[in-house]
Structures are given as C-alpha cells and as structure tokens.
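Trainee: I'd like a close look at a single part of this one: how is the inside packed? Take me through it slowly, please.

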Amino acid sequence: MTKKLAIQMDPIESINPRTDTTLLLGLEAARRGYKVYYYQPKDLSLINGDVIANVRSVTLRKDPDNYYSTGKSQVLNLREVDVVLMRQDPPFNMEYITATHLLEMLKPDVLVVNDPFHVRNAPEKLFMFRFAQFVPPTVITRDTEIIGKFLKEHKDIVIKPVYGYAGQSVFRVRQGDSNLHALLEVFFENSPEPVIVQRFIPDIKTMDKRIIVIDGKVTAIYGRVPVPGDIRANMRAGGTGIKIKHSKRDMLIGETVGKELKKRGILLAGIDVIGEYLTEINVTCPTGLVKSNALYNLKQESLFWDAVEGRL
C-alpha cells in the first residue's frame, strides 16, 4: 500500500525552490514512493474529534523554474496518512500553538514531525536555557531597570523579541546610546511579551554557525557570514553560507543538545552558535539542509527519512 505524507507549510508558491528545506524533504519522500499532500495551517480543522485538512495532492520536481503542480482541493482526515511534516515558518504565535494541539491529537496513529508537543514546549530562544552552560549572559524581562543595569554591566548588548524569527527586530545597543528607552517603548507598546537581552558577541561581525542535528546526531556544521554592516547572519537576512572547520566546542554543543532533542522526538533541528556560545535552538521549521548538502556533498534528506521510517 502506498504511504501518504501531508506537509503543513507556508504557501508553496512563496518558497525559494533553490534553498528550501521543506521542498527537499518532500522530494525525498516522493522518491521513496510516498503520495504527497500539501496544506496550509489555515486549512486545518477539528470536526467531532477528527483532525481534517483541506489538502491538495502535490507533484514535486527538482526544476526550480517548475518545481510543483497540485491537484484539486479535497478534504482529508489526517488519520489516513502515515506522516505529517509540520513545516510552516514562525512566528510562534497562537495559530502555531493551536496547530500543535490539533496535530498532537493524531498520536499515536500518525507520526508528526517534529513532535508537536515538544515543538510547543521548546521555543527557540527559551529552550536553550536548559543548556545554560553554553549560553552567553542573557536576561529575559520587561523591566527597563533590569535592562539598563545589564547594559551598564556589559556595555554592548543585543535586544530582540523572544518569539521573533529570521533575524527580525534584532537591535544592537551600546552604552551611551540615547535611543534605548524609545526602542523599549516600541517593543512593549506593540507586545505584552518580554524581550531577550544578550551581551553582544563580537564574533557575529565575522560569522555565526548553524549546526544541523538529525535524530540526535550532528550531520553538518557550516558558517553564515553577514552582509557588511549587519549583525544578522541568517540566510533570510542576506547571510552567505560557507564551509568551515568546526571546533570541539561546536561538537560538544551539538551533541549535548542533540541527545535531549532525540528524547523529545525532535528529528530535525538547527542550532545557532556565535563564537563559543549557543544562541538559539530551531525546532519549529529548521532550515539549512540544501546549503550544507552543497557545501559538504551530503544527502541529509535521506538521513532524515531514514529516521522517520525507523519510527513508522
């Protein structure tokens, strides 16, 4: 019997087919004989206890100029599929959290990757504190006095939203800057959430590092170089991926975090490191497989599906 895969993702026409990890994973599933369906989070519903989605079958191709075609919309009970990939981008908001609750109801009949329970309970910039030995000096707060004292102590800091993504709203503030309070007003007037404040790590001027972890094992580590004058090195902010010689510390971070991720059913994660410090653990929609595959001549999508099929 043909196995079925449903991919919950952003609009498929909006992705970059030359770099998109979700497309890469879908292509490998199709190569292995899965019938692939696609839907967006807004298409997900709960009806009398059944988790259903308005899906389209999708044919995926390697041609970046003609990488997909879809069938007609149909209603599918997600208990009829073998695997659901939860691959929509953050923000990690109430829509995202609701989707994790709905998909969690499919267990144990359907394998959902990454495990929605643990995705919900491992937000990127908070989960890292379970590995505090690797984290730079950091506070999470709405208290402007605490932030002011932190700046006075460390002289040079970065302020960013706890649930931000893709380098959005990341600001560097140095002692003596007159715009700190105005910046905090913008954050706090537009959101009830605290901010994350970290000591600025100068290594970011050169690059940060992305560690790919699949089924608890480090499969690739590559560098990301920011555009001149920027402190954001991720690819969506214009960073450039490069081949590097990783350090023992990089591997220690990757292996330590990876061991815990495997326990939690997080089969694919992206760990961010600046210098010697852990700064983020991406579990909602980890990326970087296409770039690291190209840099190191890997086929990490095959490793991923080996891990998935080992759980079916």
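**Inside the fold**

Mentor: Start with the contacts in the protein, where contact means heavy atoms within 4.5 Å. Of those with a separation of 6 or more, 66% link residues 24 or more positions apart. Keep in mind that this is a predicted model, where local features need pLDDT of at least 70 and side-chain atom pairs count only at pLDDT 80 or more, while totals for chains, interfaces and linings use all residues. Residues are numbered from 1 along each chain as its sequence is written, and side-chain values use heavy atoms, with hydrogens and water left out.

Buried residues make up 52% of the 312 residues; buried means under 20% relative accessible area, exposed means over 50%, and partly exposed is in between (1.4 Å probe, protein chains only). Nonpolar side chains tend to be buried together in soluble globular proteins. A nonpolar core, then, is a set of buried Ala, Val, Leu, Ile, Met, Phe, Trp, Tyr and Cys residues joined through side-chain atoms within 4.5 Å.

The largest core here has 43 residues, and L78, L278 and I281 touch the most other members. Several elements give two or more residues to this core, among them strand 4, helix 2 (94-104), helix 7 (248-263), strand 15 (268-274) and strand 16 (277-282). Helices (H or I, at least four residues) and strands (E, at least two) are DSSP runs numbered from the N terminus. Helix 2 supplies the largest share, 4 residues.

Now zoom in on L278. Leaving aside neighbours within four places in sequence, L278 is in contact with M128, F131, F134, V135, P136, I253, V257, I271 and D272. There's also a second, separate core of 30 residues, which includes L5, L24, V58 and W305.

Strand 4 (residues 50-60) runs antiparallel to strand 3 (residues 44-47), with 4 bridges joining them; two strands pair if DSSP finds at least two bridges between them. I47 has D50 in strand 4 as its bridge partner. The hairpin has 2 residues between these strands, and N48 takes a positive phi near 50° there.

How does that fit the overall outline? The radius of gyration, taken over C-alpha atoms, is 20 Å, which agrees with the value near 20 Å for a compact globule of 312 residues, the rule being 2.2 Å times the number of residues to the power 0.38. Along the principal axes, the C-alpha atoms fill a box of roughly 65 × 45 × 35 Å.
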